Amino acid sequence: MRLGPIIAAAAVWAAIAPAAAEAPAATTRHPSILVSRQLAARAHLAVGDVVTLGRDPQGSRRAEFRIGGIYEPTPDPMRFTASRIEARLHLPDLVDLVADPADPASRESANAINVRLADPADAGPFSFDAMARAPGVIVRPASRSREDDPFAVLDRFHVAISVVTMIGGTAFLLALMVIRAEERRETVGILRLVGISRRTLLASVAVEGVLIAALGAVFGIVIAVASEGLVNRVFQARYDTALVFVRVTPSIALRAIVIAAPLGILAGIAASWTLLRRDLLSIIRR
């Protein structure tokens, strides 16, 4: 079966160096490959250079290729600390390079095949059917389950930090509202004397709490957006990757405001209720 010019990723550990001499293009045609940006920078390679790839560091099996392009590896959170020293070859060229001449079947064998199903829910029946039809073949999902995913643990850790941060922010907001309520003690007493009801005063306090909480949330979002680019540039330069470490999305910003508003209302009402529930004379008494 002819697979055609499929580009396959190959981590080829070999002597990768510009060829000592290049024959004219009219007489010698080298297969084209792609090299990662990190490999091109480390080996000082450029598009059009002829390099030698081998299947092992000793270069016992090697072939010459011409660099047809330089690509940025797909960011992988599981490998962001690893140097992406990679090359991508056409599948027939890769088979010619790594196949064992003493074993004719090595050109037709494969250690692993990735299969993507139209419906991921069919993974279970598909694996049972494939293993029943081909004894000795092991079928397993390539993606991790939620329980085995290390990012699930990281997500729970972030949720815990968020809960602690919100509790601390709510306590600070409550203390601020209590101080403001005590400062306006005489004003509240005068308003009560002129006939303003407690319900109206509580409503005004709730509105004030919402405004303060919303302004605090907006201020935090502005700080996060302003520092987002700086954090990404620092860590991308540190690990030489295009992975985005911090991203403030509209949904995150909206979630912050939606959570902040009720907390502001509760803090405002809790701080003012202790003052409004007092007797009128005790409020205006000096």
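How do the residues of the lining of the largest cavity divide into nonpolar, polar and charged? The lining holds five nonpolar, two polar and five charged residues. Ala, Val, Leu, Ile, Met, Phe, Trp, Tyr, Cys and Pro count as nonpolar, Asp, Glu, Lys and Arg as charged, and the others, Gly among them, as polar.

## The model

This is a predicted model, where local features need pLDDT of at least 70, side-chain atom pairs count only at pLDDT 80 or more, and totals for chains, interfaces and linings use all residues. Residues are numbered from 1 along each chain as its sequence is written, and side-chain values use heavy atoms, without hydrogens and water.

## The chain

The protein chain has eight helices and five strands. These are DSSP runs: H or I of at least four residues for helices, E of at least two for strands, numbered from the N terminus. Of its 286 residues, 23% count as buried. Buried means under 20% relative accessible area, exposed over 50%, and partly exposed in between, with a 1.4 Å probe and protein chains only.

## The cavity

A search of the whole structure finds one cavity of 30 Å³ or more. A cavity is a set of points on a 1 Å grid where a 1.4 Å probe fits but cannot get out; lining residues have an atom within 4 Å of a point. The volume is about 70 Å³. The lining includes Gln-38, Glu-72, Arg-79, Phe-80 and Asp-240.

## Met-78

Met-78 sits in the loop between strand E4 (62-71) and strand E5 (87-90). Its relative accessibility is 40%, so Met-78 counts as partly exposed.

Terms used: 1 Å grid on protein atoms, 1.4 Å probe; cavity = no way out; pocket = protein on both sides within 12 Å on 5 of 7 lines; lining within 4 Å. Points joined across faces, edges and corners; volume = space filled by probe spheres on them.
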